[in-house]
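Colleague: Please take me through this model. I want to know what each term rests on.

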Amino acid sequence: MVVAGHEAPDFKIADARVCFLSVDHDMPQHEDAVVSGRLDKLAKIAAAWNYAKSRWNPHYLMKLDADDLISSRLVQWLENFGREPGYLIEHGWVWRSGARHVLQFTEYLDRVCASCLIIGSDIADQEGPFLTEVEGMRLNEVSSNFARSDHYSLVPGSGTSTLLLNDSHQRYAAQFAYLGQKLSILPFRAVVYRTGNRESNSAALEIGRPTLRMILGTIRRTKLMTKTVRREFALE
């Protein structure tokens with residue numbers, strides 16, 4: 001694991017498999033602060049990936065945001081069963097940070113959480129028209145309207161990036177298809193998407209007045225937090 005950041009943690013990392021990579025690039029400037037944050041994240045991912053490639057020979061890689069948690073079963077599953085060019089994590093959990101008794105399951109994790117993709121390292125650097133307004137691209141009116149109405153296809157007029165270095169997570173299946181690759185679905189809930197964290201962008205999802213249908217859906221998806229789930233994701 002490579003953790004890239006501007007500020008080193010205030011504790012010693014005792015596990016030799018974990019590396020903190022210090023970066024010193026300036027915060028990308030953009031009129032939209034959210035876009036600036038995404039560009040900063042992509043710059044850190046690029047630095048971490050270059051570091052990993054120079055030292056190891058990884059078979060898969062995964063972008064993981066600081067506010068998300070992955071299953072303790074995931075790496076071993078990939079070691080035993082990973083054969084496809086990539087895996088999309090659709091099945092996951094949504095956990096409000098600090099909640100001790102309940103969390104929600106979701107079958108659409110990729111709609112809300114960027115930590116939802118596992119990429120074969122041999123295709124991570126392949127390029128395509130993957131950059132949209134999410135990453136600050138300026139699109140014409142037709143392309144911009146298309147992007148707002150269709151969240152899953154490639155957007156006409158998109159900028160060029162690698163498969164790894166974009167943040168359009170709902171379009172990953174279309175990106176793989178563009179490269180002639182199949183994106184498979186991981187067959188278990190492998191990620192906890194943590195919301196309500198003050199350093200997370202997830203707070204943007206918690207606005208507006210919920211409808212009755214949304215409330216009933218939330219109740220249906222809410223589950224008790226079992227000891228097994230606590231151990232699997234190291235929930236505190």
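Colleague: How many residues does the largest nonpolar core have, and which have the most contacts inside it?
Modeller: This is a predicted model: local features need pLDDT of at least 70, side-chain atom pairs count only at pLDDT 80 or more, and totals for chains, interfaces and linings use all residues. Residues are numbered from 1 along each chain as its sequence is written, and side-chain values use heavy atoms, leaving out hydrogens and water. Now the core. It has 37 residues, and Ile89, Ile118, Ile119 and Leu186 have the most contacts inside it.

Colleague: Why is a set of residues called a nonpolar core?
Modeller: It must be a set of buried Ala, Val, Leu, Ile, Met, Phe, Trp, Tyr and Cys residues, joined through side-chain atoms within 4.5 Å. Buried means under 20% relative accessible area; exposed is over 50%, and partly exposed is in between (1.4 Å probe, protein chains only). In soluble globular proteins, nonpolar side chains tend to be buried together.

Colleague: Which residues is Leu186 in contact with?
Modeller: Contact means heavy atoms within 4.5 Å. Leaving aside neighbours within four places in sequence, Leu186 contacts Leu74, Trp77, Tyr87, Leu88, Ile89, His91 and Ile118. Another core lies apart from the largest one; it has nine residues, among them Phe105, Met225, Val229 and Leu235.

Colleague: Which residues of α2 are buried?
Modeller: In α2, Leu74, Trp77 and Leu78 are buried.

Colleague: What puts these residues on the same side of α2?
Modeller: They cover an arc of only 100° around the axis, so they share one side of α2. That arc is taken from the directions running from the helix axis to the C-beta atoms. The face turned away from the buried side carries the exposed residues Val75 and Glu79. The cover over the buried residues of α2 includes β3, β4, β5 and β8.

Colleague: What is the strand order of the open sheet of four strands?
Modeller: The order is β3-β8-β5-β11, with mixed pairing.

Colleague: What makes β3 and β11 edge strands?
Modeller: Each of them, β3 and β11 (183-185), pairs on one side only. Two strands pair if DSSP finds at least two bridges between them. β5 and β11 have three bridges, so they pair, and they run parallel. Here Tyr87 stands opposite Ser184 in β11. Helix α2 packs on this sheet, touching β3, β5 and β8, and its direction makes about 135° with that of β5. Axes are lines fitted to C-alpha atoms (for helices, over the stretch in contact), and angles run from 0 to 180 degrees between N-to-C directions.

Colleague: What is the strand order of the open sheet of five strands?
Modeller: It is β4-β12-β6-β7-β13, again with mixed pairing. β4 (68-70) and β13 (222-224) each have a single partner strand, so one side of each is left without a neighbour in the sheet. Neighbouring strands are turned by 30° against each other on average, direction ignored.

Colleague: How do the partners of β12 run, parallel or antiparallel?
Modeller: β4 pairs with β12 (residues 191-195) in the antiparallel sense over three bridges. There, Asp68 stands opposite Tyr193, and Leu69 opposite Val192. β6 (residues 92-96) pairs with β12 in the parallel sense over four bridges. Trp95 stands opposite Arg194. In β12, four of its five residues are buried.

Colleague: Why is Glu232 called buried?
Modeller: Its relative accessible area is 12%, under the 20% limit, so Glu232 counts as buried. Glu232 is found in helix α7 (residues 227-233).

Colleague: What makes the pair of Glu232 and Arg73 a polar contact?
Modeller: A polar contact needs N or O atoms within 3.5 Å; within protein, one must be able to donate a hydrogen and the other to accept it, and residues adjacent in sequence count only if both atoms are side-chain atoms. The side chains of Glu232 and Arg73 make such a contact at 3.1 Å.

Colleague: Where does Thr106 lie, and is it buried or exposed?
Modeller: Thr106 lies in β7 (residues 102-106). It has a relative accessible area of 12%, so it is buried. The side chain of Thr106 reaches the backbone nitrogen of Tyr108 at 3.0 Å.

Notes:
Helices (H or I, at least four residues) and strands (E, at least two) are DSSP runs, numbered from the N terminus.
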